[in-house]
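Hi,

Here is the structure I promised to pass on. Have a look at it first, and then read on for what turned up.

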Amino acid sequence: MATPARPSSLPSPSPSARRVPELDPALVAKWQAGGGELVDLLTEARERLGGVAAFRLGPRPTVLVTAPDAVQHVLALRPDRYVKRSHRARLLIGDGILAATGEAWQRQRRLLQSQFTGRGMRRYEQRIAGAARTAAARWDAYARTGQVLDVGEEMRRFALDTIWRSLTGHPLDADTERELAAVPAVVTALPSLPADTVAAQGAVADELARIDAVASRAIAAARDGEAGPDGPGLLHILVEAAGTRPEYTDRLIRDELVTLLVAGHETTATTLTWLYLLLDRNPRSREQALAAGDDGSPERRQAVQALVSETLRLYPSAWMLPRCAAEDDLLAGYEIDAGTDVLVCPYLTHRDPGLWEDPELFDPTRFIAPGRRPDGPGSYLPFGIGPRACLGLQFALRESTVLLEHLLPAHTPRFRSTPTRTAYGVTVRPDGPTPATVSG
């Protein structure tokens with residue numbers, strides 16, 4: 001690894017446990033008065049206090065964890081001690097696998113895990129390629145006509161088509177696409193919804209009803225044995241599970257379907273949008289990726305994957321991973337009391353100059369050249385680590401790479417304007433439209 005710019009991560013161990021260092025309340029009050037983003041407060045805590053730091057917004061401190069060893073401890077080594085509370089997206093995804101806990105989560109994970117690894121992934125190759133070809137054909141038309149497109153919407157359209165094909169076996173049709181626009185609408189609204197569950201549901205009732213209607217029709221079609229051109233999809237596996245697993249009610253199947261729709265397209269679309277914005281500022285990175293090898297060569301694929309990996313370093317799919325300490329623990333020599341809220345923040349770990357050389361610089365070669373990136377398991381975690389790491393990691397990387405292999409050689413977006421702000425919500429996304437024309 002390259003020499004760090006400054007020491008980082010965990011404080012030196014001590015023979016006795018200590019309290020986690022806490023950010024000066026005056027700094028917290030200043031942040032609150034200024035109406036800053038949470039990420040600003042977290043950055044202040046990390047920079048002043050290191051990789052395990054605390055701040056207080058209420059009567060109890062919240063502990064921020066960005067140091068790799070501590071990240072590994074919380075997410076991978078002691079996941080039974082640091083548990084998820086109710087997921088903020090529960091009103092959308094219900095008891096789907098992202099929100100499930102305990103034995104229910106274990107049962108759901110076992111059913112889905114085989115679908116996203118090894119042999120399971122191979123059944124989706126044709127569906128991913130089909131969605132990529134459809135997107136490439138649209139971009140060919142945009143290049144011929146000079147039509148203005150929104151890159152973010154195009155990436156969302158591709159990712160939604162991909163996951164819909166994988167779930168149902170059918171390409172995304174116009175009516176379904178229109179109705180499922182309610183999914184990103186709810187995801188975007190989540191951080192600002194009322195704390196009261198009933199009020200929150202009321203605020204997005206129309207969108208939830210549209211999503212439920214699409215899910216109901218898809219489940220009914222799968223139950224009737226209807227398969228698409230590519231054969232049955234993942235939804236058919238969920239429906240079949242109901243025959244032997246009574247917990248797979250229509251409601252849970254709906255929750256898993258919506259969870260997979262959200263996780264399977266929103267994060268991928270956001271990553272690809274960021275990637276194109278980064279390439280617009282760093283056009284040489286596109287040229288280097290295309291020059292790495294011929295079309296379809298391992299060298300080209302590795303270079304394209306590096307573009308995705310570096311984008312995920314700067315803008316990880318899971319930018320913040322909240323946990324709660326279920327019991328007292330010792331974390332990096334610090335006492336953690338049961339009931340403490342713990343925030344693991346991959347976004348800040350990935351931008352730590354003690355771990356990454358020039359961390360704010362977009363440099364995909366750090367994922368190709370030996371020694372250019374830290375190799376500790378808690379240093380790079382765009383999809384989390386440990387037993388609750390994202391199931392769709394390989395799926396997301398594969399669909400992103402396949403799309404770029406289709407689009408990068410032929411088309412370059414010319415942005416008419418780009419967002420000036422970043423929105424830190426369920427995902428970290430560009431806060432604004434991304435209009436562009438496409439050159440061929």
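How many cavities of 30 Å³ or more does the count come to? The answer is two. Keep in mind that this is a predicted model.

Let's take the largest cavity first. Its volume is about 50 Å³. The residues lining it are T267, T268, T271, V308, L312, S317, F383, A396, L397 and S400. Three helices, α14 (250–281), α16 (298–314) and α18 (393–407), each give at least two residues to that lining. By class, the lining of the largest cavity splits into five nonpolar and five polar residues, with no charged ones.

Now the second largest cavity, which holds about 30 Å³ of space. Around it you'll find T267, T270, T271, Y315, P316, S317, T427 and V428. Helix α14 supplies the largest share of this lining, with three residues. Here the classes come out as three nonpolar, five polar and no charged.

The other thing to look at is the pair of helices α1 (residues 25–34) and α2 (residues 38–49). Their axes come within 10 Å and cross at roughly 160°. With angles over 145 degrees counting as roughly antiparallel, α1 and α2 are therefore roughly antiparallel to each other. The crossing of the two is right-handed. On the α1 side, L27, V28 and W31 make the contact, and α2 brings in L38, D40, L41, E44 and R48. That contact has five nonpolar and three charged residues, but no polar ones.

Cheers

Note on methods:
Residues are numbered from 1 along each chain as its sequence is written. This is a predicted model: local features need pLDDT of at least 70, side-chain atom pairs count only at pLDDT 80 or more; totals for chains, interfaces and linings use all residues. Side-chain values use heavy atoms; hydrogens and water are left out. Axes are lines fitted to C-alpha atoms, for helices over the stretch in contact, and angles run from 0 to 180 degrees between N-to-C directions. Helices (H or I, at least four residues) and strands (E, at least two) are DSSP runs, numbered from the N terminus. Angles under 35 degrees count as roughly parallel, over 145 as roughly antiparallel, 65 to 115 as roughly perpendicular and the rest as oblique. A crossing is left-handed if the near helix is turned anticlockwise from the far one by less than a right angle, and right-handed if clockwise. Contact means heavy atoms within 4.5 Å. Ala, Val, Leu, Ile, Met, Phe, Trp, Tyr, Cys and Pro count as nonpolar, Asp, Glu, Lys and Arg as charged, and the others, Gly among them, as polar. On a 1 Å grid over the protein atoms alone, a cavity is a set of points where a 1.4 Å probe fits but cannot get out, and a pocket is an open set with protein on both sides within 12 Å along at least five of seven lines; lining residues have an atom within 4 Å of a point. Grid points are joined across faces, edges and corners, and a volume is the space filled by probe spheres set on the points.
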